[in-house]
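Morning, everyone. I have one structure to walk you through today. Please bring it up on your screens.

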Amino acid sequence: TGVQTCALPILKNSNVDDIVKPIRMDSVSASKLFDDNSIDVVFIDAAHDFESVFQDIKHWYPKVKVGGIIGGHDYLVGHPVSESGVIPAVNSFFLGKNLEIGQSNRSWHHVKR
């Protein structure tokens, strides 16, 4: 089960209603609606300050199944917002873990083991 909290018009036209559940609430509150180890993919693209990004990852990470993926957007070296919030928060949370960065699409992801 994937969770997406924005981009509703795109999702509505993509015929993914059976696998994507749009939720209109803040990210941390939405994470509490799901059991731990119950989600295959989480993609975070919300607030970009350090504390918000870190809290999003902290609250969503337990919800991801082993073998599932948690990732996010706006991990772009040289971009002030990324470098002041997103990059340090992601790097801090995943210190010593298998983190992969896709610079071409400004995203990061982690496969939970």
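Predicted model: local features only at pLDDT ≥ 70, side-chain atom pairs only at ≥ 80, totals over all residues.

The protein has 113 residues, and 35% of them are buried. Its secondary structure consists of four helices and six strands. Read from the N terminus, the order is β-α-β-α-β-α-β-α-β-β. Now the contacts. Take those between residues at least 6 apart in sequence: 64% of them join residues at least 24 apart. The accessible surface is about 6,500 Å². Carbon and sulfur atoms account for 55% of that surface.

Next, helix α4. It covers residues 80-93, which is 14 residues. From first C-alpha to last, α4 reaches 20 Å, close to the 20 Å expected at 1.5 Å a residue. Where does α4 kink? At Val86, by about 35 degrees, shortly before the proline Pro88. Several residues of α4 are buried, among them Ser82, Val86, Ala89 and Phe93. A reminder on helices: an α-helix has 3.6 residues a turn, so residues three or four places apart point the same way.

Phe93 takes us to the aromatic rings. The count here is seven aromatic pairs. One of them joins Phe54 and Phe93, edge-to-face, 5.6 Å centre to centre, with 70 degrees between the planes. This pair links distant parts of the chain. Phe54 is in helix α3, residues 50-60, Phe93 is in α4, and they are 39 residues apart. Phe54 is at 21%, so it counts as partly exposed; the cut-off for buried is under 20%.

Phe93 also pairs with Phe94. Their centres are 4.9 Å apart and their planes at 75 degrees, so this pair is edge-to-face. Both Phe93 and Phe94 are buried. Step back, and you find one aromatic cluster: Phe50, Phe54, Tyr61, Phe93, Phe94 and Trp108.

Lys97 lies over the face of Phe93, 5.3 Å from the ring centre. The charged end of Lys112 sits over the ring of Tyr61, 4.8 Å from its centre.

Last, the loops. Asn15 is not a glycine, yet it has a positive phi of about 55 degrees. It is in the loop between α1 and β2. Asp74 is not a glycine either, and its phi is positive, about 70 degrees. Asp74 lies in the loop between β4 and α4. Which is buried and which is exposed? Asn15 is exposed, at 69% relative accessible area. Asp74 is buried, at 12%.

Technical notes. Residues numbered from 1 in each chain as written. Heavy atoms only, no water. Helix = DSSP H or I, 4+ residues; strand = E, 2+ residues; numbered from the N terminus. Buried < 20%, exposed > 50% of the residue type's maximum accessible area, 1.4 Å probe, protein only. Contact = heavy atoms within 4.5 Å. Areas by Shrake-Rupley, 256 points an atom, 1.4 Å probe, with all protein chains shown as cover. Expected span 1.5 Å × (residues − 1). Bend = angle between axes of the 7 residues up to and from the residue. Phe/Tyr/Trp six-rings, centres within 6.5 Å; stacked < 30°, edge-to-face > 60°. Lys NZ or Arg CZ within 6 Å of the ring centre and 35° of its normal.
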